[in-house]
Amino acid sequence: MESLLCCGALIGDFVGSRFEGNNIKTKDFELLHKNCRFTDDSIMTLAIFDALVSCNGNYDDLGSQAVKCMRKMGKRFPYAG
């Protein structure tokens, strides 16, 4: 289930990335456009997904796992935002 939610969030972030700071009020737009890109939100979504998977069903340490994964992904993609 987590992977399905993660995929939906990533697709939504990618499709909407070209409208950041310039929101539109129509649903009539090209879904995949040359200006679409992954963003810092995409990277942090992947980091949280990684943390959830790393916990292997035991979420007692989810907070520290999330911080660890977010730092790792943030360092890997410092210019995504």
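View 1. Phe38 is partly exposed, with a relative accessible area of 43%. Buried means under 20% relative accessible area, exposed over 50%, and partly exposed in between, with a 1.4 Å probe and protein chains only. The model is predicted: local features need pLDDT of at least 70, side-chain atom pairs count only at pLDDT 80 or more, and totals for chains, interfaces and linings use all residues. Residues are numbered from 1 along each chain as its sequence is written, and side-chain values use heavy atoms, with hydrogens and water left out.

Leu32 sits in the loop between helix 1 (2-16) and helix 2 (40-55). Leu32 is exposed, at 56% relative accessible area.

**View 2. Aromatic pairs.** The structure holds two aromatic pairs. Phe19 and Phe29 form an edge-to-face pair, 5.2 Å centre to centre with 75° between the planes. Rings of Phe, Tyr and Trp (its six-membered ring) pair if their centres lie within 6.5 Å; planes under 30 degrees apart count as stacked, over 60 as edge-to-face and the rest as tilted. Phe19 and Phe29 both lie in the loop between helix 1 and helix 2, so their pair ties together parts 10 residues apart in sequence. Phe19 is buried, at 16% relative accessible area. Phe29 is partly exposed, at 32%.

Phe38 and Phe77 also pair edge-to-face: 5.7 Å between centres, 85° between planes. This pair links distant parts of the chain, 39 residues apart: Phe38 is in the loop between helix 1 and helix 2, Phe77 in the segment after helix 3. Phe77 is partly exposed, at 28% relative accessibility.

View 3. The structure holds zero disulfides. A disulfide is a pair of cysteine sulfur atoms within 2.5 Å. Cys55 is buried, with a relative accessible area of 8%. Cys69 is also buried, at 3% relative accessibility.

**View 4. Asn56 in a loop.** Asn56 lies in the loop between helix 2 and helix 3 (62-76). Its phi is near 50°, a positive value in a residue other than glycine. Is Asn56 buried or exposed? Asn56 is exposed, at 70% relative accessibility.

**View 5. The chain as a whole.** The protein chain has three helices and zero strands. From the N terminus on, the elements run α-α-α. Helices (H or I, at least four residues) and strands (E, at least two) are DSSP runs, numbered from the N terminus. The radius of gyration is 15 Å, well over the 12 Å that the globule rule gives for 81 residues, so the chain is more spread out than a compact globule. That radius is taken over C-alpha atoms; the globule rule is 2.2 Å times the number of residues to the power 0.38. Along its principal axes, the C-alpha trace spans about 45 × 30 × 20 Å. Of the 81 residues, 21% count as buried.
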